[in-house]
Amino acid sequence: MAGKYKVYLVMGVIERDGYTLYCTVLFFDSQGQFLGKHRKLMPTGLERLIWGFGDGSTIPVFETPIGKIGAAICLENRMPLLRTAMYAKGIEIYCAPTGDDRDVWQASMTHIALEGGCFVLSANQYCRRKDYPPPPEYVFSGTEEELNPDSVVCAGGSVIISPSGAILAGPNFNGEALISADLDLGEIAREKFCFDVVGHFSRPEVLSLIVRDHPAKPVTFTSASEKTEDAHK
């Protein structure tokens, strides 16, 4: 689809690696080529019973002709150190897929746009009870008795915000929709002239961050490292 319509595509999936599931974002370029992925670092609440934990090796920011693109998933957007790592990689188009339709989410998205001096694109689903399997296969615990097929169970709120905090599109709470906006990347430089959290507005001699961006593997085989060493000799 990305190649057919010549668009950069950022989408959420449930990834399986061996016998572990991850909440993951995939990135594709406008030719339809797979660029890479981000695995959610910290599953939220009861998600930890199901999803595995991402590591520092999948916090990418991809340099593309339309800007530097990265993503964080739902409540991990509240992790200030994760955001700082992405700012340090120069993120310009910050994608924030979520399942949170509360007003406080909009406040978080505005803050990230201002803090990072970047465009924030947050997508959330709009769905009704009838979009899910009926009970007992799927139950909305605590509220199922109050719902009818047309009850809204997630109200959307997709939004696009500029580095100055201006709302460029959305937030949309009126049903399924496609929102769009023209992004002036020059606005990033104008905003960072005032505030650059990992540049002239940082104090590394006082506050600094170390990111362990290698894969956190539970098992490492010495023969593999020996072969690598032999290849370099």
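A salt bridge is taken here as a side-chain nitrogen of Lys or Arg within 4 Å of a carboxyl oxygen of Asp or Glu. The structure is a predicted model, in which local features need pLDDT of at least 70 and side-chain atom pairs count only at pLDDT 80 or more, while totals for chains, interfaces and linings use all residues. Residues are numbered from 1 along each chain as its sequence is written, and side-chain values use heavy atoms, with hydrogens and water left out.

A search of the whole structure gave ten salt bridges. One of them joins E205 to R203, with the closest N and O atoms 2.4 Å apart. Both E205 and R203 are exposed (over 50% relative accessible area; buried is under 20% and partly exposed in between, with a 1.4 Å probe and protein chains only).

E15 pairs with K37, and their closest N and O atoms are separated by 2.6 Å. This pair links distant parts of the chain, as E15 belongs to strand β1 (residues 9-17) and K37 to strand β3 (residues 34-39), 22 residues apart. Strands (E, at least two residues) are DSSP runs, numbered from the N terminus. E15 is buried, at 14% relative accessible area, whereas K37 is partly exposed, at 26%.

A salt bridge also connects D17 and R39, the closest N and O atoms being 3.0 Å apart. D17 lies in strand β1 and R39 in strand β3, so this pair ties together parts that are 22 residues apart in sequence. D17 is partly exposed, with a relative accessible area of 42%, and R39 is buried, with a value of 12%. E15, D17, K37 and R39 are linked in a network of salt bridges.

How values were computed
Helix = DSSP H or I, 4+ residues; strand = E, 2+ residues; numbered from the N terminus.
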